[in-house]
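Here is a short briefing on strand pairing and aromatic contacts. Please keep the model open alongside.

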Amino acid sequence: MAPHVPDSPPHDPAAAPAMDPALAAAMADPTERWTVTKGSLDYGPYSLAHLVEQIQEGEVMPGSLIIDNDSGERHFAEEHPFFGPMVEQARQMMDDRRRAHAEVAHSRRARRRGVALVGMIGAGVIGLGLIAYLVVDSAGEASEETRAGISAVDTGKLEAKITFPKPTAPKKRTAGQRGGGGGSDTLALDLSEGGGTERLSNDQINAVVQRHGRKLGGCLSRGQGFANIEFIVDGPTGKVSWVKVNGQQTGGLYTCVNRALRGMTFPKVDGPRTRAEFAMEL
């Protein structure tokens, strides 16, 4: 059958492979003379235009068998003298589409993984920031409590309870005993020496202690937070001459409090000594 110039509608060159001129001329023939065998199944018969459409849609691929029912000729699709180039171009277009689709899918997966990774990193940073904030906030609260305790000492809440021990009578010696007897504490607290009888008052001692309350509070902040303090002020000099903290004269808390008290200067009085005692707590 001699092909003649077809009167078919034009095809979009971007959507369909280029067509052989002789094949294009035969497109107008409506005769259904073409059968396609794929595997063990036969499809058709198709007209020439319908077969070309099947090829362009990827339904006829290399390995399919195209049969001309009029002449009995059989050719594999990729080897057919008319359809071979079109089949190859259609196959190439399908491969390009699959690659483009795979690239798009891979890009989407990569973006999702990137978003998930950023989210995980962000959550980790937020978690670390929250932990750091809680640690700093807790430390700030503890520091604020310590400062509040020291401030309370410094604003007049530290009251000294002053005691005036009675003069102690000398102990009687027993047979075989030498020396004066008695420990250093007893001698230090013996206020029965001669001279005037003037003693410091509560108000006088409190006024001096409160001016140095921050130093004393600092000692407690490094210790156990509590101290019972006993000390003796020498009358003529106004200086502290003896200190005991929680019944002891050793240890870091004693050393700190002793240094702070001995740095204080009390009013001078006409009397030997004044003993004072007070408690501090943060």
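In strand 3, isoleucine 66 is the bridge partner of valine 36. This is a predicted model, where local features need pLDDT of at least 70, side-chain atom pairs count only at pLDDT 80 or more, and totals for chains, interfaces and linings use all residues. Residues are numbered from 1 along each chain as its sequence is written, and side-chain values use heavy atoms, with hydrogens and water left out.

**Sheet**
- Strand 1 (residues 34-38) and strand 3 (residues 65-68) pair in the antiparallel sense over 4 bridges; pairing takes at least two DSSP bridges.
- Strands are DSSP runs of E, at least two residues; helices are runs of H or I, at least four; both are numbered from the N terminus.
- An open sheet of 4 strands runs in the order 2-1-3-4, with antiparallel pairing.
- Strand 2 (41-46) and strand 4 (74-76) stand at the edges with a single partner strand each, so one side of each has no neighbour in the sheet.

**Aromatic pairs**
- The structure holds 3 aromatic pairs (Phe, Tyr or Trp ring centres within 6.5 Å, using the six-membered ring of Trp; planes under 30 degrees apart are stacked, over 60 edge-to-face, the rest tilted).
- Tryptophan 34 and phenylalanine 83 pair edge-to-face, 5.3 Å centre to centre, with 90 degrees between the planes.
- Tryptophan 34 lies in strand 1 and phenylalanine 83 in the loop between strand 4 and helix 3 (84-157), so the pair ties together parts 49 residues apart in sequence.
- Tryptophan 34 is buried at 7% relative accessible area (buried is under 20%, exposed over 50%, partly exposed in between; 1.4 Å probe, protein chains only).
- Phenylalanine 83 is buried at 0%.
- Ring pairs join Phe231, Phe266 and Phe278 into a cluster.
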